[in-house]
Amino acid sequence: MKVLALRGVRKVYRRSHLGRLTETVGLDGLDLEVERGEVFGLLGLNGSGKTTAIKLLMGLHLPTCGTVEVFGKPVPDIESLARIGYAPEAAYLNRALTGRENIRLFAALSRIPACEREARVLAMLRRVGLERGMDQRLSEYSKGMLQRVSLAQALIHEPELVILDEPVTGLDPLAIKEVRALILWLKGKGKSVLFSSHDISEVEKVCDRIGILSGGRLARVMTQEEWQGRPGALEEAFAASVTRTDGVGEIRLD
Amino acid sequence: MPAARALAVFALSAVVAVAVDGPLGRLSRRFPPLTELPATPFCAQDAALVELGFRAAAADLAWVQMLEYMGNGLPQLPDAPGHPYAHIAVLASRIVSLDPSFHRAYLYGASVLGWFPQVARPEQAVALLQEGLRRDPGQRLYLLYIAALAYKKEGDVPKMIALLDSTLKDPGTPTLMKEILANLYKSQGRYAKALEIWRDILDDPAAASDHPRARLQIEEIRALEAAGRGS
Amino acid sequence: MDTIKAVFDYTLREHVRSRAWLSAALFGLVLLGAGAIASVLAVNERGRMVLDLGLAAILAIGLVSMVFLTVRLVLQEIESRAVFLILTHPVRRWHYLLGRFFGTLAAVAIGMAGMGLVHWLLLEAFGWAPAGSYALAWVSILGQVALMGALALLLSLALTSEAAAMAFSVFFWVLGHFTPELRYIAERSGSGPLRGLILAFARAAPDFSRLDYAGARHAGTPAAWAAWAVLYVLAYGTACLALSAELFEQKEF
């Protein structure tokens with residue numbers, strides 16, 4: 001059973017400045033499906049459309065054409081959002097609040113009953129290792145601590161589908177290891193996970209399937225069997241599938 | 001909120017706002033438009049404060065400026081030699097155009113216009129008080145002052161004094177009018193009444209700026225009394 | 001309602017913790033003190049001047065805080081992307097908008113209430129208790145502040161620029177006090193269509209002169225006036241918030 005599906009999705013960003021209209025294609029006919037209980041990795045270069053695809057799934061963007069469905073319902077759908085946990089690439093949290101207040105807020109927004117809320121907030125903060133700093137304001141948190149609050153808000157309501165946008169970017173090796181363990185733990189609990197990354201080595205360690213995005217399209221989908229036990233297979237497939245679309249040329253070493 | 005519902009809520013509330021505007025307008029006091037503000041060098045100051053929503057504060061500031069004019073004069077409104085307080089009518093009118101309920105401004109202006117011998121413009125005093133009756137109804141002092149001015153015009157000073165004396169206990173009576181009355185009593189040799197008024201002024205903390213004058217007057221009247229007894 | 005309350009709570013907490021809010025409240029208290037000192041100049045009308053200047057200070061601080069905060073209320077969360085995390089939870093966008101708006105209004109109202117309490121105590125201590133209801137005067141100021149906040153929020157979403165929204169908010173505030181003049185001009189204009197046009201323009205901004213308690217205080221029917229004024233504020237404010245909700249619904253982040 002599919003937890004999410006994007007079919008023929010095209011997203012064009014239109015910007016008008018002083019009467020001059022510019023168009024940028026974010027996604028160009030993307031077809032993508034993720035099955036229940038699987039960990040799916042979205043690999044791609046900068047500007048390949050990973051974040052755009054995730055924003056479409058979360059209802060932050062509307063597709064120019066095509067359909068986006070989560071749990072079989074077209075996006076945006078409030079009921080579906082109650083079953084999704086989302087952590088963006090950076091911790092876009094309210095810095096005036098403490099860690100506990102932030103998680104309390106997201107617990108309330110996620111419809112956790114008031115009588116259960118406090119216990120679940122504490123349990124979640126303990127799970128992400130923030131029980132000591134939870135009453136400090138986020139303005140005093142380190143990057144790693146912020147990332148943990150971001151993960152905590154995504155998981156507080158025990159979602160069926162977890163979407164992580166570049167969860168390991170900028171983290172230290174220990175934190176990367178912890179995020180990897182978390183993804184595998186979620187998989188063990190039967191959750192579906194979709195995450196985007198540049199990091200091929202991370203993706204191959206945890207994913208059941210990966211999709212390589214290039215130029216707003218799904219260039220290739222690979223299953224675990226295709227790269228397991230074959231060192232370099234994924235990297236080769238990636239290099240063969242993608243083309244730069246961000247206008248940046250190669251570094252010349254001659 | 002679906003677009004149709006949001007637009008329906010907008011349309012409904014806009015209709016209600018327009019419908020409520022009528023009854024609210026009838027119940028709200030209408031302030032005179034700025035076009036009715038008398039021409040003074042302070043027009044820009046008044047208009048700016050009114051348009052920024054500080055009408056009452058603008059009227060208070062105009063009141064302070066009028067008091068300043070009466071005390072030391074205003075550089076923006078110099079008086080011609082021999083014509084002191086020539087601008088008092090326009091300054092009083094300015095205050096009540098900003099806040100028609102500023103009843104002490106009508107009374108103060110009328111007191112100066114009607115009873116200051118150097119000014120002596122009772123017609124303007126009556127006109128100002130009549131404006132008060134029109135714009136700020138329910139203040140009995142306007143009528144009493146108009147009547148007192150009528151007695152003054154007829155030369156019936158005792159009746160005028162009796163009428164003004166009846167207003168002394170009214171909290172709206174400006175200190176200036178009390179002083180005018182005290183001086184009238186003094187000029188008629190009724191020192192006891194004059195002293196009583198100056199002592200009242202001395203006991204009034206709101207009239208603190210008039211206390212030195214009250215003390216001087218009390219001393220002077222006591223001296224006059226003593227001289228009267230001696231002669 | 002739970003989501004509105006959750007957004008309301010964090011918005012209120014965020015504002016009350018900000019240094020700008022505390023500075024505004026302290027500055028308001030300084031203004032009250034300055035008004036009390038300046039009132040010495042008013043001689044017999046000292047009580048009136050302390051009352052008027054105090055209410056003017058509460059209005060000024062409330063208004064500036066409300067416009068400044070509401071203009072940035074959503075735009076800043078879009079810029080910092082904090083809105084991403086809120087809206088990717090099961091929150092209706094108009095719930096978010098209402099929670100943010102009323103949280104801000106509550107923060108401003110708390111500051112105004114603090115100023116109001118000090119002001120009222122000052123008036124009572126010197127025996128300058130106002131002739132009318134002080135509470136009604138305070139509520140009428142809150143109504144004006146709330147209305148301007150709703151308008152500023154709408155302008156911020158329509159113009160998507162803080163500076164432009166701020167400038168237009170000031171314009172509407174002034175226009176809302178210019179309404180009596182516009183009506184006066186309309187009454188004297190010979191042409192019917194021109195009269196209609198001027199009156200329509202006058203109606204575009206809320207008529208703040210009608211919400212001024214000082215005006216109603218002497219009209220003799222404060223209860224009836226207050227009832228209509230509340231209805232007017234609610235209707236105009238709802239219209240602004242409904243349009244804001246519609247604009248926010250269309251936004252992509």
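Apart from its neighbours within four places in sequence, B:I201 is in contact with B:T175, B:K178, B:A207, B:D210 and B:A214. The model is a predicted one, and the positions behind these contacts are computed. B:I201 sits in helix α10 of chain B, which covers residues 191-203.

The next step is the domain level of chain B. The domain assignment divides out domain 1 (35-138) and domain 2 (174-231). The C-alpha centres of domain 1 of chain B and domain 2 of chain B are 27 Å apart. Five residues from domain 1 of chain B and four residues from domain 2 of chain B make up the contact. On the side of domain 1 of chain B that touches domain 2 of chain B, the classes are three nonpolar, one polar and one charged.

Chain C comes next. Its secondary structure consists of eleven helices and zero strands. Read from the N terminus, its elements run α-α-α-α-α-α-α-α-α-α-α. The C-alpha trace of chain C spans about 60 × 55 × 30 Å along its principal axes. For 253 residues, a compact globule would have a radius of gyration near 18 Å; chain C has 20 Å, which agrees. Of the 253 residues of chain C, 53% count as buried. Among the contacts in chain C with a separation of 6 or more, 77% are between residues 24 or more positions apart.

Chain A contains strands, and its pairing can be followed one strand at a time. Strands of a sheet pair through backbone hydrogen bonds, either parallel or antiparallel. Four strands of chain A form an open sheet in the order β2-β1-β4-β5, and the pairing is antiparallel. β2 (20-35) and β5 (73-74) of chain A are at the edges with a single partner strand each, so one side of each is left without a neighbour in the sheet. Strand β1 (residues 2-17) of chain A is joined to strand β4 (residues 65-70) of chain A by five bridges, and the two run antiparallel. A:L6 has A:V68 in β4(A) as its bridge partner.

Strand β9 of chain A (residues 209-214) is mostly covered, with five of its six residues buried. Five bridges connect β9(A) to strand β3 (residues 39-44) of chain A, and these run parallel. A:I212 in β9(A) stands opposite A:L43. β9(A) is also joined by six bridges to strand β10 (residues 217-223) of chain A, and this pair runs antiparallel. A:G211 has A:V221 in β10(A) as its bridge partner. β9(A) and β10(A) form a hairpin with two residues between them, and A:G215 in the turn has a positive phi of about 60°.

Finally, how do the chains meet? Two pairs of chains are in contact, and of these chains B and C share the most contacts. Chain A and chain B are joined by no contact, and their closest C-alpha atoms lie 12 Å apart. The contact between chain A and chain C takes 22 residues from chain A and 22 residues from chain C. On the side of chain A that touches chain C, α2 (78-81) and α3 (99-109) of chain A are the elements that give two or more residues. α3(A) provides the largest share of that side, five residues. By class, the side of chain A that touches chain C has 16 nonpolar, four polar and two charged residues.

Key:
Residues numbered from 1 in each chain as written. Chains lettered and ligands numbered in written order. Predicted model: local features only at pLDDT ≥ 70, side-chain atom pairs only at ≥ 80, totals over all residues. Contact = placed C-beta atoms within 7 Å. Nonpolar A, V, L, I, M, F, W, Y, C, P; charged D, E, K, R; others polar. Rg over C-alpha atoms; globule rule 2.2 N^0.38 Å. Buried ≥ 20, exposed ≤ 12 C-beta atoms within 10 Å, placed from the backbone. Pairing = 2+ DSSP bridges. Domains from an automatic or database assignment.
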